[in-house]
Amino acid sequence: MLSLGGGGAKSSKPSFVSYITPEEIKSEKEPPKKERHPNLLPGEVVFCSADPILKHTQDDVSQRGIFGTLLCTNFRVSFVSDETPLEETGSNLGDLISLQMLFCFVVYDEKRKMITGGMLKNKYPSKMIIHCKDLRVFQFCLTFTKEEDARKIFHGIAHHCLEPKSLKCVFAFSYAVSRSPEMQRSQRTVMFDSKEDWAQEMKRTKGNCRIVTENEGFKLSTRLPKYFIIPSSVTDEDLFKFQGKGLPIWCWSHHSGCALFKASTLPVPQEDGVIQRYMERMLDAAAQTHLYSLKIEDLSETLPTVQDIQQSYAKFKQFFLIDNSTDFWVSDVKWFSSVENTGWMDIIRKCLQKAVEVVECLEKENTNILIMEEEGTDLCCVISSLVQIMLDPHYRTLTGFQGLVQKEWVAGCHAFLDRCNHLCQKDKESPSPIFLLFLECVWQLVQQHSPAFQFSETYLTVLSDSVHVPVFSTFLFNSAYQRESTLKAESQHPQRGPLNCPAVWDWSVQFDCKAQELFLNPLYADKLKQDKVLRKVPRPKHQRQLSLPSSAFKTPPKKGFFKDETESLKKMLRVKRISRWMASPDSPAANTREFYEAWQRRPLDHHGLLLPWLDGPAVRLWMQRYLRWIPEVQILGGGPVAVTNKMAELLVQVQELRKKLDLKGCWQPEAERVQLQPRPLALARNSLRLSSAFPFASSRNWTFKPVIPTSLLQSLMLTDKLASQEDETTEVISLV
Amino acid sequence: MDPGSNGESPGSRQPSLDSLCSSSTSRSDRSFQTKGPSISSEQNSNSDLSPQLRVKGKPAKTFRDSGKDDVELLPKEVVQDVGKDVTYICPFLGALRGTLTVTNYRLLFRGINREPGVVLDLPLGVISRVDKIGGASSRGDVSYHLFCKDMRNLRFVHKQPDDSLKKSVFEVLTKFAFPVSNNLSLFAFEYNQVFPENGWKVYDPLAEYRRQGLPNESWRISKVNDHYELCDSYPAALVVPVTITDDELRRVAAFRAKGRIPVLSWLHPESQAAVVRCSQPMSGVSGKRCKEDEKLLQAIMDANAQSHKIFIFDARPSVNAAANKMKGGGCESEDAYQNAELVFLDIHNIHVMRESLRKLKEVVYPNIEESHWLSNLESTHWLEHIKLILAGALRIADKVESGKTSVVVHCSDGWDRTAQLTSLSLIMLDSHYRTVTGFQKLIEKEWISFGHRFQQRVGHGDQNHTDADRSPIFLQFIDCVWQMTQQFPAAFEFNEYFLITLLDQLYSCLFGTFLCNSEQQRVKEELVKRTVSVWSLVNSQLEEFVNPLYVHYPAHVLLPSVSIRHLQLWVSYYIRWNPRMRPQEPVHQRYKELLAKRAELQKRVEELQREVANRASTSSERAGSPTRSITPVQTFV
């Protein structure tokens, strides 16, 4: 099993070491061996190693380091400490540096040089600074080791982490070949790789579209899923016309009957009008799904481009890759404006805003909606997934959410390989953290509406890290076609079927059960209770469901209205490339305000519609993900974990009491069974020992010392008159 | 009947299952966060926009203004005027017509058009300034702006009364909003509500010093200030080193600004390191020295055997400390004070803080500019000031806890920044001050008895809104405490509602707690006799203010992170008037539900056990299912 972490010793159980208390680590350790190497994974090969290397420990005030061996394998860069396990700081995830590094800095004689690959000098590096994609920073001093070793390890790391490589070289394949197949666990996540999964999903949402099976061999398009769903009235002829481009791909159906579609855009229409007519038929087909209504959102017109997102994130993440305390406090001064200037928070806000507009369309106007974009696999995925999370409580459960990622992103052919740049290509155009952006948006929803989500922010953070762990097939490919063909080609025994690469959802590959319990949100308000409540008092929304959809009354009640409107708009389309069809004249923010207010007036239902708050202070920084490795911001004995712990503890007590009652035979077991969640464990009874970075960075080696700003003086130099004014201007003898 | 203005306690509106699913909007629970952890489903932008005092007990009388709109008044509250057909121009909902009622305590606006009606109910004490717009308008409209101390502005328009002799509601309002300027007494002196708990008994200085093990062999309680002769802004009981005589103290008083001599605030129970507070030394340009003052500091150092050093924390930026020399003040020179190390904490003065809050109000009220929110927030420097104050307190706490060194804290006069720093470092060091009553004692001690000039800083009942002595120093302190509660959600016994209530009562002039500038004045005004303490209110409905997540760790020192990355704007206080700022459903809510569930289950287990025991004794009974009669517990875990 894949043990992420755990330096130096064999361990039989999988562990996410940062979750384990020091006692457990001690017991796992074996006496130090002569040859130190991490517990290698199946298929993992050590390329080179060097010792002694001094690893600077950020969390140590005295700036002392730890000596050990630095290794570079085909999977990771790993540092194994020489010291006894007791004093070992590197025994948390810090030991493991997955090969997905951002950059490697090398210090030659105090001058820092950024290495991005292809620019290695044959000089003797004294220090190596590694920035990881999960925002950890490591500093290694190479001066204690032999010059040749130092150069070798440095070149080895730079070569394997930063140089372009081919897909075949990704560790996942050698891992999948070598690992024992019985490790595959049964999964409850719907993978959307079979016709049944799609049929089931359409049934669940009561959609009335048709499943396309013509792409089973990817004859129709290599950029489309094996199976997908389109409006029923699209003809077979049209299906094959433009390799699936412009097809309205069904995402989800609202209970009113209207549906959400996504599509890629077709090239600019030529003179003959073939494309226009094809597009009209497509739009007609989508509109016919419900009441002949359709709204088109061209996401490329209103949202930032894929490159904008990449640039913004590149700036943003710099603020979290902190090498030393001085830099930290210097950047603390202009923190808010620095974060704002990267534009990252604004991009998050824009995506959520767009999703709200789409939600409004479905929920309030009961109009079909088609979101479009160049490829239809980037922002379309972000928006369609967010819309579904806001509207459908199923996607707020852990397995539901994983199913959604499968449906919209994995089966939906988001180009993970290119966007995450797993192969370190030098192409500046394609890498972009689109999936991370989606997780960011989900995190905003989670922090604003915590009881509505079954999963925790820790789950989201771990998921965002797992994107870069090259072990899983989930985030490794650009399309379903590429996945299938590559896994087939890489298979050692073609007759036995394609290579069996684990999905990231098989969390037991990375974490033991105890650690996985941290994925669950103890604040989650279970469905059952809500059901009971709702049954008592019917809510307006439900009443509306019984009657005709409200939109039928709102706009002119003529039945042919939509038809007419469509006709006239079609004419417009011939002039301009597809623009927004039923675009509202008002500004979007003012438009959604009314919708917000109506929603706000309704009692809060964690299993109903969720809308994010988008005003300035409501969109916040994902502290856990971005600040977890920075020692200066750790709060010892504090942070959200203090609350989670208490909640979990209480939950356990309640469950124990219930069990007690159960034993006494006075319980109605059949009614209760359904709702028993996996039992959350009280993790650490003494939360005083945990820091706010829990469960990521262990705090036990941090000295119990406050972090005092070093740059207080430069922080607030006020020059105005007030600062020099006397405190007491007048002596007022006062009162009554 | 409007539930928003009735006198029910907030506790009576625990969100029940009914309120969870009720689609009718209840107005009473929408006093934004002032209502405390109310479930957000009841949020409604049209509901009342006011922090209401919910005082237990029956309303003294009901004022009937139009047959159906009842105003429930506090004891001794008298309606002064009612303005019919007044327009309230709400920045969020637009112009609203209604009636405006002014009593000697509150302003009450009740909308007539909308359903549910808008209710605005605020103590007149929160009004800092009334501006008439357009002067004597020919059209006979009176339009005016109310600037409030609690981060909002209100605008009203109404017709000039036809009868020119009759005063308009506007004039009545101006009169009662500023009683001190109009030779009226503050409402606190009228109000005579009787509470089950007497808040004036919360703090007994001698008992608090006894808790700290004082007096002991190194420290004594001096009576030198019994009649406030040594220092009129200090309390009567002062703790000083045993080796210093009262005569020496008198000479020290001459050397320290306003006679505020170094006295003990807190003593570490183990290391005997002390937190000492005072004002700046009057060393002046010439660098005057005072031998008794030097001896006193030496004695403070000697009282702590663990350290041969003492730290003097000067809260000011060093430039300001130097500038003070021109006016006779200054700071301790390390030449004169051996073994002392002087540290400047760079916290700015009251004027800078006032300006910062003014900017903050501009940024958050009424509208928030979405795309520039963060840089606008940064430009107010508010959180930067919070950071510096917290950082200063952290350094003090660290020196005392890890360095086992005694510290002396002062600013210029030692009643603003010094109070912030000592009280915050005490909260970090001593878990007692994180309990509800401990926190009350801390405020009574470090703020009220040591002469934080509440009257001047808040300007109770005074219409001179440009008074440069006003400054949000106490608000800033409460904000710092709130920041710590955010970082340590289980370390404080009180909740956010408690802190907001304190701030609301700071301005309301309903209670005597925050009146006057010093203990001497309070004694003279007989506040204990003539007014009610805010702690009477708090301690009579304690369950409302308690944090269910609280865990008591006796000897746990809190070391908060002071990085601006961890500081947040206190949205549920500063932006609570904005209906778009819907508060998150607090975790506490869910936790309380679970607690209730646990209690319920526990009860049932016990019941069953009792039943089993009973049945065992009366074995003749047939064992029927004991549960038939009991309704199954609805579970949601």
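**Entry 1: helix α2 of chain B**

I looked up which residues of helix α2 (residues 169-177) of chain B are buried, and found V169(B), F170(B), V172(B), L173(B), F176(B) and A177(B). Buried here means under 20% relative accessible area, with exposed over 50% and partly exposed in between (1.4 Å probe, protein chains only). Viewed down the axis of α2(B), these buried residues fall within an arc of 160°, so they line one face of the helix. The arc is taken over the directions from the helix axis to the C-beta atoms. I then noted what covers the buried residues of α2(B): the cover includes β3 (79-90), β4 (94-103), β5 (106-111), β7 (127-133), β8 (141-148) and β9 (153-159) of chain B. Helices (H or I, at least four residues) and strands (E, at least two) are DSSP runs, numbered from the N terminus.

**Entry 2: conventions**

I record that this is a predicted model, in which local features need pLDDT of at least 70 and side-chain atom pairs count only at pLDDT 80 or more, while totals for chains, interfaces and linings use all residues. Residues are numbered from 1 along each chain as its sequence is written, chains are lettered from A and ligands numbered from 1 in the order in which they are written, and side-chain values use heavy atoms, with hydrogens and water left out.

**Entry 3: chain totals**

For chain B I noted 19 helices and 16 strands; of its 637 residues, 65% count as buried. Chain A has 28 helices and 14 strands, and buried residues make up 62% of its 736 residues. Among contacts (heavy atoms within 4.5 Å) with a separation of 6 or more, residues 24 or more positions apart account for 69% in chain B and for 73% in chain A.

**Entry 4: C413(A)**

I located C413(A) in the loop between α13 (398-410) and α14 (416-419) of chain A. Is C413(A) buried or exposed? C413(A) counts as buried, because its relative accessibility is 0%. Leaving aside neighbours within four places in sequence, C413(A) is in contact with R223(A), L224(A), P225(A), T377(A), N478(A), S479(A) and A480(A). I also checked Y227(A), which lies 186 residues from C413(A) in sequence and 12 Å away in space, C-alpha to C-alpha.

**Entry 5: confidence in chain A**

The pLDDT (the predictor's confidence in each residue, from 0 to 100) averages 75 in chain A, and 70% of the residues score at least 70. Over residues 728-736 of chain A the pLDDT is below 50, and the stretch has 28 contacts in the model beyond near neighbours in sequence. Where pLDDT is low, the predicted coordinates should not be read in detail.
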